[in-house]
Amino acid sequence: MNTIVALLIAPVLGLLTTAFLPSSVANANVGRLRVATTTLVAAQLLLACILALAYLASAGAPLAFSVFEDLHDAPLGFSVYYDGASALMLTLVSFVGLVVSRFSVRYLDGEALQGRYFRWLGFTIGAVSLMVIAGNLLLFFAAWVMTSFGLHQLLLHYRRRESAHRAAWTKFAISRLGDVFLVSALVLTFRSFGTLELSALFDSVGQAGATQSAAVQAAIGWLLMLGAATKSAQFPFHTWLPDTMETPTPVSALMHAGIVNAGGYLMIRMSPLVASAPAALTTLALVGGFTACFAGVVMMTQPSVKRALAYSTIAQMGFMMLQCGLGAYSAAMLHIIAHSLYKAHAFLSSGSVVADSLATGGARSLTPGIARSAACFVAAGAAVAVAYLTVAETAGVHASSKPGGLVLAFLLCLALTTWGWRVLACGGARAATGGLAALSLLCLTYIGGYLVVQHFIARSSVAPLIQPGMAAAPLAIAGAFVALLALHVAVVARFRPQWLEAARVHAANGFYVDALFQRVFAAAR
């Protein structure tokens, strides 16, 4: 297996070297460059799939080795750490990268600067891949920064657009803030444990309680949490994401389906360290829950398809961070995979949304009476509860025994109930029968996917410590999502009091958080 992992380094390094091509050379040889980029990503995907299958067939022990033995004891070591989390993320990044690369061939065909585009696309995919398999925290940070730098170049593909520069500058400033948090965490980690190698570091964490102060470990957890929050567009660091719509659509797909997940991957990868900072994780859960609700409200008011998708990503990243904060790392990883695949498809097909709407005659609105609507909601809730409990008990998944399991199970049932309610309220008996069957299938699919992901990352994640006084956080999160559901019902049922109309105007403007950041960064420029 070591040989296969060593072979994997070749396409990663090949993708990284595309950045060294001068733009003039890249633009003059665009045909060769896009073939080379697509071929390297395809080779990486093939090797990633082979590695993932080999990992499943093996005992599942993490694989760690140094590529250059003479650097093994240095703070910066070119080493690989491959486990279940790496296997899933590398396969996901490679698949999305290949789809985006292939889509870009036709999307940018005929443009004068498409050589420069493929140059930085290959570099960015290579940087994300290196970050996923990095076995050294300093190498992880270097790949983290390279990912940000490559994305910055892609955001500036259309250099004459002032809005593209404004969005890239905002993203650059917020990313550098995240870098400060991460560098500070690395310095504390090296001073406390004497190593930045992940394998040695994770082995030391178990015995750290006897040699390291709880305050130092908590500080490391807080810094890692803050770095992840800024990278994953959590409130109030989300403002750059909706403003990046001036970039080519394939870049939006890559960014929303892959790069923005880096914060969640950091939390999963470093869960042995952040487990000793339960207060930081509780704060992350609250921030993630607020971000999800905030972005969900703003998303409903956006007239632009791509801006609505951007706020959808912010909401999804908030929910993913909520899962990480609750210690549900398997659920968070499943969320990353599902959201990446969905959001890549959503962006790459955004150009046909108008034609699809005309073809389907537009979405049907919910117009039944209050009594029928309430009855349908109760029926959908009962059906979801029965389906979830039946499937969960059959599969042996007990929410009460999982970190954050009860609140996440409640939110899952709430989401399925909302969908089932609309199906029952708007359709006839045939639609209701199909909808109820679909609810059961969705429960089965989710729990099956959860078990597969849990099998992969069971050895990669560590559940956080539980402290008294933090039990109120899940209740507050559940209450916030219930309030969001009530707002959704009011909008769908066309209940429009005056105060709600006034709030809609503020929500359409992102509650002016974007305007505040724009004013600050415009002055800084």
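## Helices α4 and α15

Helices α4 and α15 run roughly parallel to each other, a label for angles under 35 degrees, with over 145 called roughly antiparallel, 65 to 115 roughly perpendicular and the rest oblique. In this predicted model, local features need pLDDT of at least 70 and side-chain atom pairs count only at pLDDT 80 or more, while totals for chains, interfaces and linings use all residues. Residues are numbered from 1 along each chain as its sequence is written, and side-chain values use heavy atoms, without hydrogens and water.

The angle between α4 (residues 84–107) and α15 (residues 329–348) is about 0 degrees, and their axes are 11 Å apart. Axes are lines fitted to C-alpha atoms, for helices over the stretch in contact, and angles between N-to-C directions run from 0 to 180 degrees. Helices here are DSSP runs of H or I with at least four residues, numbered from the N terminus.

On the α4 side, the contact (heavy atoms within 4.5 Å) involves Ala85, Leu88, Met89, Leu92, Phe95, Val99 and Phe103. Their partners in α15 are Met333, Ile336, Ile337, Ser340, Leu341 and Leu348. By class, 12 residues of this contact are nonpolar, one is polar and none is charged. Nonpolar covers Ala, Val, Leu, Ile, Met, Phe, Trp, Tyr, Cys and Pro; charged covers Asp, Glu, Lys and Arg; the others, Gly among them, are polar.

## Helices α9 and α11

Helix α9 (residues 214–231) packs on helix α11 (residues 262–269) at about 155 degrees, with the axes 7 Å apart; the two are therefore roughly antiparallel. Leu224, Met225, Ala228 and Lys231 of α9 meet Ala262, Gly263, Leu266 and Met267 of α11. This contact has six nonpolar residues, one polar and one charged.

## Helix α6

Helix α6 (residues 137–155) has 19 residues and spans 27 Å from first to last C-alpha, close to the expected 27 Å, which is 1.5 Å times one less than the number of residues. Asparagine 136 caps the N-terminal end, with a side-chain oxygen 2.7 Å from the backbone nitrogen of leucine 138.

## Loop between α9 and α10

Most residues other than glycine have a negative phi, and most peptide bonds are trans. Alanine 233, in the loop between α9 and α10, has a positive phi near 60 degrees. Alanine 233 is buried, at 0% relative accessible area. Proline 236 lies in the loop between α9 and α10 (249–257), and the peptide bond from phenylalanine 235 to proline 236 is cis, with omega near 5 degrees.

Terms used
A polar contact is a pair of N or O atoms within 3.5 Å; within protein, one must be able to donate a hydrogen and the other to accept it, and residues adjacent in sequence count only if both atoms are side-chain atoms. Buried means under 20% relative accessible area, exposed over 50%, partly exposed in between (1.4 Å probe, protein chains only).
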